[in-house]
Amino acid sequence: MRYNMIQYLFYGSSIFGIGTVLFCLYFHLEHMSSPYKKTQEPASAWSHAYQQAPQAPEKIRKQRRILDWAEEKTQIEQKPKSPLNQNINYSDPELFNGYLEYGFNVIVSRSLGHDREVPDTRDKSCRHRHYPLHLPTASVIICFHNEEFNALLRTVSSVVYLTPPYLLEEIILVDDMSKFDDLKSKLNYYLESFRDKVQLVRNKKREGLIRARMIGAWYASGEVLVFLDSHCEVNRVWLEPLLAAISKDSRTVVTPVIDIIDGISLQYLPSPLVRGAFDWKLQFKWDSVFSYETDSEGSPTNPIRSPAMAGGIFAMHRPFFYELGEYDKDMDLWGGENLELSLRIWMCGGQLLIIPCSRVGHITKLYSKPDSALSKAVARNHLRLVHVWLDEYKEQFFLRNPDLKSMTYGNISERVQLRKQLGCRSFQWYLDTIFPELEASMYS
Ligand SMILES: *[C@@H]1O[C@H](CO)[C@@H](O)[C@H](O)[C@H]1NC(C)=O
Ligand SMILES: *[C@@H]1O[C@H](CO)[C@@H](O)[C@H](O)[C@H]1NC(C)=O
Ligand SMILES: [Mn+2]
């Protein structure tokens, strides 16, 4: 009787959990597509085609490698499709525990295994784009902490298979003190097959995502740093558009369009074109882009100016990353660093663009464990951002977070100094020029 009761409670709660999960997903999708204030983006000066320089022998060799690469890729594309539309047994405790542990459907993730083919979600006109042969090389940095094994391997293998080898300097995996057994020797074993491309760094203590990325960047030797979450799958020709934008202007920081990998079915779904934004509580959100309504020529593939980035996936010229002051190393775990970097990029002479021809899927996690250490870190990180970057507008933040006004946030003098050294503009300038909708929302 008692056992039945427990079982009943368990299944009851798991059904409640799944219900919550479905609700969150619905809310998320709704949020993604909700219309926001109409904005006019200035037409981008981005050229539609790239000029190719006359051929030098070195370039011919490079082309040869591209042909080899294209041949290999064709073989990958012919792989049979993975099972997806299997029925989900919502009363399976493994499913429920998987949600609690990883935030997504671990059963489907296991059945998908280490790699799969994902649909090409790019706009058709992207497929005919040509990019210069000479592009900067990239180091892809993937930090993880207790990630699901298959999701991590799909991230790595999609990068290896869908990136031309001559552009991929290396993949640097940073293990931020994961506890799960399968991320130890089993991971070493499975990474052996990528050993000429993948380097695994294991932190000796938990650093949090922010410092883990700084550690990964320290090992990198590519000209461009590409940061990826550990539960992504890149799409076709994902890297070239990003590198091309950076090679045109090294102070341009770029993100792909972040496609949705559904947390329940792990289906890869195209994301609408949106730009990154946030509110006065410093909550990140997606925001509609309307600039294309007036821009008739090649519109769906033009870069989108974005006030902010979600943070998980972006590419940046390595020297510019250091010139701009990496991250605030005294921020903990993760949270707020994406907005801090976004403000720093715009206010200190760079620009942040979303490149629609580049697409990377990201698993939309449906659950994360309540974590008081994380909540505290996010609050503290936000305070550091607010006190360094928001000028007189910090009052807007405190109006909405009165409890945080008295919380300590450590020593920010180095970051204040950095802002001075870089000669960064005021937050007022950012509001006027980059994100007027935020100022307009001040009294709402
Ligand atoms: C669903 O999972 C539960 C628990 O593992 C099991 O008892 C049940 O038979 C499964 N149902 C189906 C239709 O597979
Ligand atoms: C803050 O750090 C700077 C150097 O980074 C140091 O000079 C200063 O004394 C520190 N302030 C306090 C209050 O500890
Ligand atoms: Mn993520």
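This short talk describes aromatic ring pairs in the structure shown above.

The model is predicted, so local features need pLDDT of at least 70 and side-chain atom pairs count only at pLDDT 80 or more, while totals for chains, interfaces and linings use all residues. Residues are numbered from 1 along each chain as its sequence is written, chains are lettered from A and ligands numbered from 1 in the order in which they are written, and side-chain values use heavy atoms, without hydrogens and water.

Let me begin with the rule. Rings of Phe, Tyr and Trp (its six-membered ring) pair if their centres lie within 6.5 Å; planes under 30 degrees apart are stacked, over 60 edge-to-face, and the rest tilted. By this rule there are 19 aromatic pairs.

One of them joins F149 and Y190, edge-to-face, with 5.5 Å between centres and 75 degrees between planes. F149 belongs to helix α5 (residues 149-162) and Y190 to helix α6 (residues 185-191), so the pair links parts of the chain 41 residues apart. Here a helix is a DSSP run of H or I, at least four residues, numbered from the N terminus.

Buried means under 20%, exposed over 50%, and partly exposed in between, with a 1.4 Å probe and protein chains only.

A second pair is Y430 with F435, edge-to-face because the centres are 6.3 Å apart and the planes at 85 degrees. Y430 is buried at 0%, and F435 is buried at 0%. Both belong to a cluster linked by ring pairs, together with F278, W280, Y393 and F427.

Methods
Helices (H or I, at least four residues) and strands (E, at least two) are DSSP runs, numbered from the N terminus.
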